[in-house]
Amino acid sequence: MPFGMEDALGPNRPAPPIHLLGRFQRRHPGGVKDPMISLAKAGPYTRLRNELAASPRTWLITGVAGFIGSNILHELLSFGQNVVGLDNFSTGYQANLDDVLATPAGKKGSFRLYKGDIRDIQACRKACRGVDYVLHHAALGSVPRSIDDPALSNSVNVDGFINVLLASNEAGVKRIVYASTCAIYGDSPELPLSEASTGNLLSPYAATKLANEIYASVFQRVYGVQLVGLRYFNIFGPRQDPNGAYAAVIPRWISNLLSGEACQIFGDGETSRDFCYVANVAQANILAATSARSFGDAEVYNVGLGRETTLNELFRMIRLGLVGLEPSIATAQPVYSHFRDGDIRRSGADITKIQQQLEYEPTHTIAQGLGEALEWYVEHSAKSALVEESRIAALT
Ligand SMILES: NC(=O)c1ccc[n+]([C@@H]2O[C@H](COP(=O)([O-])OP(=O)(O)OC[C@H]3O[C@@H](n4cnc5c(N)ncnc54)[C@H](O)[C@@H]3O)[C@@H](O)[C@H]2O)c1
């Protein structure tokens, strides 16, 4: 194991109960063999947070009710920023916002929500008024959905994106940071994937995000809008929808293990991805928005942990994290089935560029991210099971 909870806790130590995992890691950083644990405390990002806390800015997060948007909201509010949100709740939830606003951090800044669609330019104009920085995250992110309905993905991800750029430009915002994706690399065989890598795009979703990058460079050149694209790898964390039609692997496996269902792995489990905790993504957004650097046209950065993790390794980490809650999980094994057509075998980000140019340093490894998020996943899983039970009861 190159890293993970096995590393962090030592192979012979019993796993702590799940509700203690996050606390264990926070209270005993010396016990975690990972040099990244203290970087955030000493690093440039902490200095930046302090500066922004002393002189708060106004931020617009589009897609604020979604998984990543709500986590960035939490981070910005935690150091007293003013945040405006725009969302049409197509894949996001009011509960995500309630969750953030109920925390102590959520009470530190100010938050104003606009319910609206980025395909409506007036909604974008209203939301952009008086904003310093835009963090654009509203999009339809599902690859299968884009294959089923490419026109819909295009209208949200491309038409909506242009509206956000136009409204931001009219409002004179200082910079727009927008969510791009590692799907842009398609089937590129290069590893790790640097920003210069190219491959054949494998979905309409990837095409919409590449179109964003092209429009970003044009808007920068033609209208002088300041834009930075962040190519996210496989992001995980609290408020990631475990019950969505295209649920991501981590919440899905947690939910399966807790309900005694098998976790399915397509292929032999040696498929790898760069799984990155969402707190690292929030940091990347805030650094990119406020960097004093003058960005060139179409500046894009990879955002990941900078390490590959196989599905087998990920499964073992999750199982270890859950065993304190349900001992029978210790013997759970994944079920392997055929490789899926079009699945990329390996993926991992080269994060040198963002580290060097924006001073990005991931604060959370996968183990630390799971330690923080598992409690949320478990609680969420339990709630959805109750909802499902009452739904069945109502039908019988
Ligand atoms: N989660 C990942 O691992 C990942 C990886 C690469 C890129 N991204 C990108 O990051 C961004 C956020 O992803 P996420 O995982 O948080 O997805 P999400 O679905 O949880 O969040 C997207 C949010 O955008 C909102 N939205 C969608 N269409 C809208 C519209 N027309 N008008 C206004 N709001 C709208 C949704 O209601 C939702 O709240 C997306 O742009 C996605 O493509 C995510």
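## Helix packing, sheet and ligand shell

The crossing of H5 and H12 is right-handed; a crossing is called left-handed if the near helix is turned anticlockwise from the far one by less than a right angle, and right-handed if clockwise. The model is predicted: local features need pLDDT of at least 70 and side-chain atom pairs count only at pLDDT 80 or more, while totals for chains, interfaces and linings use all residues. Residues are numbered from 1 along each chain as its sequence is written. Helices (H or I, at least four residues) and strands (E, at least two) are DSSP runs, numbered from the N terminus.

Axes are lines fitted to C-alpha atoms, for helices over the stretch in contact, and angles run from 0 to 180 degrees between N-to-C directions.

| Helix pair | Angle | Axis separation |
|---|---|---|
| H5 and H12 (residues 278-290) | about 70° | 9 Å |
| H5 and H6 (residues 94-101) | about 20° | 10 Å |

H5 is therefore roughly parallel to H6, whereas H5 and H12 are roughly perpendicular to each other. Angles under 35 degrees count as roughly parallel, over 145 as roughly antiparallel, 65 to 115 as roughly perpendicular and the rest as oblique. H5 also passes H6 in a right-handed crossing.

On the H12 side, Ile68, Asn71, Ile72 and Glu75 of H5 meet Val278, Val281, Ala282 and Asn285 of H12, where contact requires C-beta atoms, placed from the backbone, to lie within 7 Å. The residues of this contact divide into five nonpolar, two polar and one charged. In this scheme Ala, Val, Leu, Ile, Met, Phe, Trp, Tyr, Cys and Pro count as nonpolar, Asp, Glu, Lys and Arg as charged, and the others, Gly among them, as polar. Towards H6, the H5 residues are Ser70, Leu73, His74 and Leu77, which meet Asn96, Leu97 and Val100. The contact of H5 with H6 has four nonpolar, three polar and no charged residues.

Seven strands form an open sheet with parallel pairing, in the order E3-E2-E1-E4-E5-E6-E11; two strands pair if DSSP finds at least two bridges between them. Strand E3 (110-115) and strand E11 (299-303) are at the edges with a single partner strand each, so one side of each has no neighbour in the sheet. Direction ignored, neighbouring strands of this sheet are turned by 20° against each other on average. Within the sheet, E4 (residues 133-136) runs parallel to E5 and is joined to it by four bridges. Histidine 136 has tyrosine 178 in E5 as its bridge partner. H12 lies across E4, E5, strand E6 (227-232) and E11, and runs at about 165° to E6.

The ligand is surrounded by 28 residues, the closest being Gly63, Gly66, Gly92, Ala139 and Ala179; a residue is near a molecule or strand if its C-beta atom, placed from the backbone, lies within 6 Å of it. H5 (67-78) is one of the elements that supply at least two shell residues each, and strand E5 (175-181) is another. The largest share, three residues, comes from H5. By class, the shell has 13 nonpolar, twelve polar and three charged residues.

Two loops hold backbone features. Proline 192 lies in the loop between E5 and helix H10 (204-223), and the peptide bond to proline 192 from leucine 191 is cis, with omega near -10°. Phenylalanine 89, in the loop between E2 and H6, has a positive phi near 60° in a residue other than glycine.

Note on methods: Two residues are in contact if their C-beta atoms, placed from the backbone, lie within 7 Å.
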